[in-house]
Amino acid sequence: METIVCRVEEGPGQRFLEARVTVVGEDLVVAVGGGQRPHVGCTVLATPYPAKGEGGGWSASCSVLTIPPHKEEPIARGIATRLAAGLGRVAVATAGVHDDDIDSEGIRLYLRLGEALGDRLLAEIAPIECSQR
């Protein structure tokens, strides 16, 4: 099994998200963590299905498990959905970020980092997926 590691960071104190992606056969398992104590706060399973419309491609359906009171669903859902729809592969993403003294701007920063991380993962995994087909 191949493992890919990606990290994005930004802002005061260099807030970051790091993802470890394991390619499991045709599928992807992604563990995303950040802050002082990364953990599992939410898990999302994204399953691709053929998109309707002219362009074809893929869409994704998600199942979500969240450990209350964690709020990482937007990060995990965004990454799992982006990978499943972008690659036509099942993707599981877990996310857990703990940042002491976080404020609303810090939360918005982590959400932006989650989007950037999803884009970066898709760009790095797509060539690997194509070469393995």
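Is Arg-108 buried, exposed or partly exposed? Arg-108 counts as partly exposed, because its relative accessibility is 42% (buried means under 20% relative accessible area, exposed over 50% and partly exposed in between, using a 1.4 Å probe and protein chains only). Before the close-ups, a word on the model: it is predicted, so local features need pLDDT of at least 70 and side-chain atom pairs count only at pLDDT 80 or more, while totals for chains, interfaces and linings use all residues. Residues are numbered from 1 along each chain as its sequence is written, and side-chain values use heavy atoms, with hydrogens and water left out.

**View 1. Glu-105 meets two arginines, Arg-108 and Arg-112.**
Arg-108 pairs with Glu-105 in a salt bridge, 3.0 Å from N to O (a side-chain nitrogen of Lys or Arg within 4 Å of a carboxyl oxygen of Asp or Glu). Both residues sit in helix 2, 3 residues apart, which is about one turn of the helix. (Helices are DSSP runs of H or I with at least four residues, strands are runs of E with at least two, and both are numbered from the N terminus.) Glu-105 also forms a salt bridge with Arg-112, at 3.3 Å from N to O. Glu-105 is partly exposed at 37% relative accessible area, and so is Arg-112 at 38%.

In the Arg-20 and Glu-18 pair, the closest N and O atoms are 3.6 Å apart. Arg-20 is partly exposed at 45% relative accessibility, and Glu-18 is partly exposed too, with 22% relative accessible area. Using this rule, the count of salt bridges is 11. Arg-7 has something else going on: its charged end sits over the ring of Phe-16, 3.8 Å from the ring's centre (for this, NZ of Lys or CZ of Arg must be within 6 Å of the ring centre and within 35 degrees of the ring normal).

**View 2. The largest nonpolar core has 30 residues.**
A nonpolar core is a set of buried Ala, Val, Leu, Ile, Met, Phe, Trp, Tyr and Cys residues joined through side-chain atoms within 4.5 Å. Leu-17, Val-30, Val-32, Ile-79, Leu-83, Leu-117 and Leu-121 touch the most other members. Several elements supply at least two residues each, including strand 1 (2-10), strand 3 (27-35) and helix 2 (104-132). Helix 1 gives the largest share, 7 residues. Take a look at Val-32: its contacts (heavy atoms within 4.5 Å) include Leu-17, Ile-79, Gly-96 and Leu-117, not counting residues up to four places away in sequence.

**View 3. Strand 6 has 6 of its 8 residues buried, so it is largely enclosed by the rest of the structure.**
Gly-33 has Gly-96 of strand 6 as its bridge partner. Strand 4 runs antiparallel to strand 6, with 5 bridges joining the two. There, Ala-46 has Ala-91 of strand 6 as its partner.

**View 4. Ile-102 lies in the loop between strand 6 and helix 2.**
This residue is partly exposed, at 34% relative accessible area. Ile-102 touches Arg-15, Ile-107 and Tyr-110, not counting residues up to four places away in sequence. Ile-102 and Gly-35 are 67 residues apart in sequence, and 9.7 Å apart in space, C-alpha to C-alpha.

Notes. Pairing = 2+ DSSP bridges.
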